[in-house]
Amino acid sequence: MELQLIEFLIDTVESLLHIVKQQNRQLSQLGAVAAEEQLQDIEAAYSAVLKNDSWKEVDKANVD
C-alpha cells in the first residue's frame, strides 16, 4: 500500500514538474522573467525524493 502511495506521489510530482517547465517556457516566450531558480529547486527536491531509499526499508518492514 505504501509503495502505491509513493508511486502515486512520484507520478504527481512528475506531472507538476512538467507543468512548471511548460509554464516557464511560455513565460520566457512572452518575454517575462523566467522562474529558473524555482524550477531548479523543484527539480532538486524531486531528485532528492527519487534518491531517498528510506521508504524501501519501511515497505520491506511491513512485508516481513
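Modeller: Before we start, pLDDT is the predictor's confidence in each residue, from 0 to 100. We need that here, since this is a predicted model.

Biologist: Fine. Where in the protein is confidence lowest, and where is it highest?

Modeller: Lowest in helix α3 (residues 54-63), with a mean of 55, and highest in α1, at 86. For the protein the mean pLDDT is 76, and 70% of its residues reach 70 or more.

Biologist: Now the pair K21 and E43. Why is this called a salt bridge?

Modeller: Check the distance: the side chains come to 3.4 Å, N to O. The cut-off is a Lys or Arg side-chain nitrogen within 4 Å of an Asp or Glu carboxyl oxygen, so K21 and E43 qualify. A search of the whole structure turns up one salt bridge.

Biologist: What makes it a link between distant parts of the chain?

Modeller: K21 sits in helix α1 (residues 2-29) and E43 in helix α2 (residues 36-51), and they are 22 residues apart.

Biologist: Why do K21 and E43 count as partly exposed?

Modeller: Partly exposed lies between the buried limit, under 20%, and the exposed limit, over 50%. K21 has 31% relative accessibility, so it is in that range. E43 has 27%, so it is partly exposed too.

Biologist: And E14, how far is it from E43?

Modeller: E14 and E43 are 29 residues apart in sequence, with 9.4 Å between their C-alphas. E14 is found in helix α1, and its relative accessible area of 39% makes it partly exposed.

Biologist: Let's go inside. Which residues form the largest nonpolar core?

Modeller: Five of them: I6, I10, L17, L39 and Y46. The largest share, three residues, comes from α1, while α1 and α2 each supply at least two.

Biologist: How do you know that I10 is in contact with residues elsewhere in the sequence?

Modeller: Leave aside its neighbours within four places, and I10 still touches Y46, V49 and L50. Contact here means heavy atoms within 4.5 Å.

Biologist: How much of the protein is buried?

Modeller: Buried residues are 11% of the 64 residues. The accessible surface comes to about 5,300 Å², and 57% of that belongs to carbon and sulfur atoms.

Biologist: Which residues make the nonpolar surface patch?

Modeller: L5, F8 and L9, which together give about 320 Å².

Methods: Residues numbered from 1 in each chain as written. Predicted model: local features only at pLDDT ≥ 70, side-chain atom pairs only at ≥ 80, totals over all residues. Heavy atoms only, no water. Helix = DSSP H or I, 4+ residues; strand = E, 2+ residues; numbered from the N terminus. Buried < 20%, exposed > 50% of the residue type's maximum accessible area, 1.4 Å probe, protein only. Areas by Shrake-Rupley, 256 points an atom, 1.4 Å probe, with all protein chains shown as cover. Patch = residues over 30% accessible without salt bridge, like charges linked within 9 Å, V, L, I, M, F, W, Y side chains within 5 Å. Core = buried A, V, L, I, M, F, W, Y, C linked by side-chain atoms within 4.5 Å.
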